Amino acid sequence: MKRRLLPTLRPMNLTQDPIGPLIQKLAIPASVGFFFNTMYNVVDTWYAGSLSTDALAALSIAFPVFFILIAISNGLSQGATALMAHALGAKNPREAADLSRQSVLLGLSLGVLLTGAGWMLGPSMFRMLGAEGSYLTLSLTYMNIIWAGTLFFIAQSMINATLQAQGDTTTYRNLLIVGFFLNLLLDPWLMHGGLGVPAMGMAGIAWATVLIQVVGVFYLVYRVMGSSLRWSLRLGDWKPQWHLWQSLIAQGFPAAVNMMTVAAGIFIITWFISFFSKEGVAAYGIATRIEQILLLPTIGLNVAVLTLVGQNYGARQLERIYEVRQTALHWGLAMMILGGMLLYPMAETTMAWFTDSEAVITLGADYLRVASITLCSYVILFQTVFMLQGLKRPMVGLWIGLYRQIVAPLLVFYGLAYGLDWGIDGIWWGIFGVTWSAALFTLIYGKRILKKLTALTPSQ
């Protein structure tokens, strides 16, 4: 008997098994993974702060630039997941395998371009953000190393798409958990040196991140080789197929740009708040982190919706798409209703965990009370966008992102804050109004798309 040398994924039929248990199996590992990914960033922030204020500021100012890399890799990964899931649902594993290989080739090619662009444009981008002197030097020290590891960042996302399309969210969860603990060890070691390693300071934080990405790539490749979409090692199977690259870009680029609008939205909100007070900026920064922690459990539901909708759309199982939509939406709304009920009365208490400034606590608590009745809108919005991505309609998310993050805030914030003279409260309520309007539009549009697909699909 031959011994199996590689592990196989646990069998899971995404087009036949009961929807509720499938969502749990996909969503829970993904949410746990995102939690540890968030804590990974907290660790980097803490260690940078232990070096100096300039190091902490450099890490903070690097985030918008770093976010470009995150947006492109995650956007392309979402597009690749949707296309591979659709092919698997349509019982076309050969197309799915081709897409898997081509997504990695596309990702690596873009990685090379991003590395070169980052090294050339990095100094100008940081100067535009106000960095100079030692502040600029530390920012470039960190990001130049990150740019050097771009290939591994993008490779991780694209390889994970192959696993996620098959319903495996536990592998990436395990990787993120291990990465968190490795970061706890590598950050101080590389920063301060020891055991033959010289002290690297700020560069040590960046090298720790790149090394963890490298380890992650090898682990994900190992897992893919034990899956039903294991890669062929024939050189001819790794030649670029331009028509598949076009499909991957068409599906992934809108999602990438949609993610980039998030960075633009944060900049616009911060810009408006800065006209009122620096305490308001600090309050917004703390309050949004509290809000993001509350939203973490729902992120796994988005991943489950994308994978399940993609496979069942490929299998033309539209009744299951309806069930996925309803089940995930009900669970997400239930969690956020409970979260909002807890957040509203504890707004000041949670702010006080992070600061002792009365002004910051008061302003942040005002934001969190508004956020407590905004949480459900994010569930509706994100799940609908991921459902449409699974239905191979990625452009809707892009247009909604441009509306929610850029166009509407510029008009609504000014009107409420100055036109109605609501001050900084006008910005808090502006976020509420803009987010809910975007969520309701996507909800109505998503229902219309499903109804149209049902009318076009012959009954089975």
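Student: How far apart are tyrosine 414 and tyrosine 418 in helix α14?
Tutor: About one helical turn, because they sit four residues apart in that helix. This is a predicted model, by the way.

Student: What kind of aromatic pair do they form, stacked or tilted?
Tutor: Tyrosine 414 and tyrosine 418 make a tilted pair. Their centres are 5.4 Å apart, with 40° between the planes.

Student: Is tyrosine 418 buried or partly exposed?
Tutor: Partly exposed. Its relative accessible area is 37%.

Student: OK, and where does α14 bend?
Tutor: At alanine 408, by about 55°. Proline 409 follows within four residues of the bend.

Student: Which residues of α14 are buried?
Tutor: Quite a list, including Ala408, Pro409, Phe413 and Leu416. Arg404 and Gln405 are also among them.

Student: What comes just after α14?
Tutor: Aspartate 421, with a positive phi of about 60°.

Student: What about leucine 195, what is its phi?
Tutor: Near 55°. That is a positive value in a residue other than glycine. Leucine 195 is in the loop between α6 and α7.

Student: Is leucine 195 buried or exposed?
Tutor: Exposed, because its relative accessibility is 83%, and the cut-off for exposed is over 50%.

Student: And arginine 316, where does that lie?
Tutor: In the loop between α9 and α10. Arginine 316 also has a positive phi, about 60°, although it is not a glycine. It is partly exposed, at 31%.

Student: New topic. How many aromatic pairs are there in the whole structure?
Tutor: A search finds 15. Take phenylalanine 36 and phenylalanine 180: their ring centres are 5.5 Å apart and their planes are at 65°, so the pair is edge-to-face.

Student: Which helices does that pair tie together?
Tutor: Phenylalanine 36 lies in α1 and phenylalanine 180 in α6, so the pair links parts 144 residues apart in sequence.

Student: Are those two buried or exposed?
Tutor: Phenylalanine 36 is buried, at 17% relative accessibility. Phenylalanine 180 is buried too, at 12%.

Student: Last one. Which residues touch the most other members in the largest nonpolar core?
Tutor: Leu391, Ile427, Trp428 and Ile431, out of 67 residues. Helix α9 supplies the largest share of this core, 13 residues. A second, separate core has 59 residues, Phe180 being one of them.

Student: What does tryptophan 428 touch?
Tutor: Leaving out residues up to four places away in sequence, its contacts include Ile273, Tyr284, Leu363 and Val370.

Methods
Residues numbered from 1 in each chain as written. Predicted model: local features only at pLDDT ≥ 70, side-chain atom pairs only at ≥ 80, totals over all residues. Heavy atoms only, no water. Bend = angle between axes of the 7 residues up to and from the residue. Helix = DSSP H or I, 4+ residues; strand = E, 2+ residues; numbered from the N terminus. Buried < 20%, exposed > 50% of the residue type's maximum accessible area, 1.4 Å probe, protein only. Core = buried A, V, L, I, M, F, W, Y, C linked by side-chain atoms within 4.5 Å. Contact = heavy atoms within 4.5 Å. Phe/Tyr/Trp six-rings, centres within 6.5 Å; stacked < 30°, edge-to-face > 60°.
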